[in-house]
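Please look over the structure before reading on.

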Protein chains: 2
Amino acid sequence: MLTKNQIKLITSLVQKKQRSKHQLFTVEGKKAVDEFLRSSYKLHHLYAVHADFNIESAYFTLISDAELKKISALTTPQEVLAVFEIPKAKHVSTERLILALDAVRDPGNLGTIIRLCDWFGVEHIVCSETTVDCYNPKVVQATMGSLTRVHLSYLNLEDFLRNAKVKKFGAFMDGNTIYETTLPETGILIMGNEGSGISTDIEALIEHRLSIPSYSLHQSTESLNVATATAILLSEFKRRG
Amino acid sequence: MLTKNQIKLITSLVQKKQRSKHQLFTVEGKKAVDEFLRSSYKLHHLYAVHADFNIESAYFTLISDAELKKISALTTPQEVLAVFEIPKAKHVSTERLILALDAVRDPGNLGTIIRLCDWFGVEHIVCSETTVDCYNPKVVQATMGSLTRVHLSYLNLEDFLRNAKVKKFGAFMDGNTIYETTLPETGILIMGNEGSGISTDIEALIEHRLSIPSYSLHQSTESLNVATATAILLSEFKRRG
């Protein structure tokens, strides 16, 4: 049985402001919830339509399908919704390759990028404060559990890059071809906004401009989507790093 | 001024069955519509809230914002909606690299894959009949105009592959690492469904099993999304082909 206050709290967590205030976020669906339960994330409370979870009763509420529908952010709710605590920010080590995001706005793109970092063993993503929040329900859904294995820090990206004593690589339309650039094992790879790319202030801090050459048969081809460009660049860094 | 019959026809085109029946599909937004107008696609009719299009009056209707809202498939309609004719299927040449899709279902993934093919100069995608229709409004929107430069054929993929006298490569979780496989300039690269991968019948026709190695620090990492995997594989084919 759900109380009005529980419903109010859970549904408020679709808003970034409320997630920040309560330091809580939601995860939906059995597979994703199971991954978060197995991880270092701390469970706040779990709501499910059946009791197939090995959870202390203080942290568990059995709910009806109708109740799940009330608290779910999904069009088709998936048997379980769990509320987890947002972890404390971790120290960013520059001893490994880091991905930096400058104002990536689309939740689906961020989710895909987190999955890619998981795949390619990039442990840490640093994000400008203008980048979409990784605890946005759409991002959590798109990461397929990879968020439990990749850390994200939201910070002043300009300050961070200015102080980081490693090589900085940025993805541009007019950079040196990635296939012929020497890539190190460590460093920071910076990807920009979906529409406008890397901002001018950040661009000034980048020493190495990279670009994925186009083999297009036509002049008018658009740029690559930020998530697919990240896929190709991370593949190149890892293959040769 | 829009007639009831026009509204009925246009809104019916969100359904694949109706698109097939009328051999028509919709494109929305000035940038995308301009790209289709410049391409070999044949305009059926253009509806816009202003007259900034150089179109014969027989093919143009000036409409109000309220009317645009009635016919648009977008949450935020974008000044223009054009109806184009679905072109006749083109002959598939196996003299260049071809991408084949086995039951890719997500419109966003197909849109991203079409953009990737445009970027990497892959002119032709062959799709199983179970693959999402490329004239689905969500696919058209996601391609950002690349659909005017990449041809798609929907066909019996098993028959097509059986008859194609070129090397067939498939993306699998357990294939040979892409980074160490010799890749030709021609051939067919086959990508599978989001959830289940390449189907058993298609798998039997594939000689070369490719895989993108994971550098993950964890055991439980998911597979890559089909669009990001396609990005990495096409990059490798083009870089070395």
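Which residues form one aromatic cluster with A:Phe25? A:Phe36, A:Tyr41, A:Phe84 and A:Tyr135 form one with A:Phe25.

## Basis

This is a predicted model, in which local features need pLDDT of at least 70 and side-chain atom pairs count only at pLDDT 80 or more, while totals for chains, interfaces and linings use all residues. Residues are numbered from 1 along each chain as its sequence is written, chains are lettered from A and ligands numbered from 1 in the order written, and side-chain values use heavy atoms, without hydrogens and water.

## Aromatic pairs

Over all chains there are 18 aromatic pairs. Rings of Phe, Tyr and Trp (its six-membered ring) pair if their centres lie within 6.5 Å; planes under 30 degrees apart count as stacked, over 60 as edge-to-face and the rest as tilted.

The ring centres of A:Phe25 and A:Tyr135 are 4.3 Å apart and the planes are at 40°, so this pair is tilted. It links distant parts of chain A, 110 residues apart: A:Phe25 is in strand β1 (residues 24-28), and A:Tyr135 is in the loop between β6 (124-128) and α6 (137-143). Helices (H or I, at least four residues) and strands (E, at least two) are DSSP runs, numbered from the N terminus. A:Phe25 is buried at 0% relative accessibility, and A:Tyr135 is buried at 9%. Buried means under 20% relative accessible area, exposed over 50%, partly exposed in between (1.4 Å probe, protein chains only).

A:Phe36 and A:Phe84 have ring centres 5.5 Å apart and planes at 40°, so they too are tilted.
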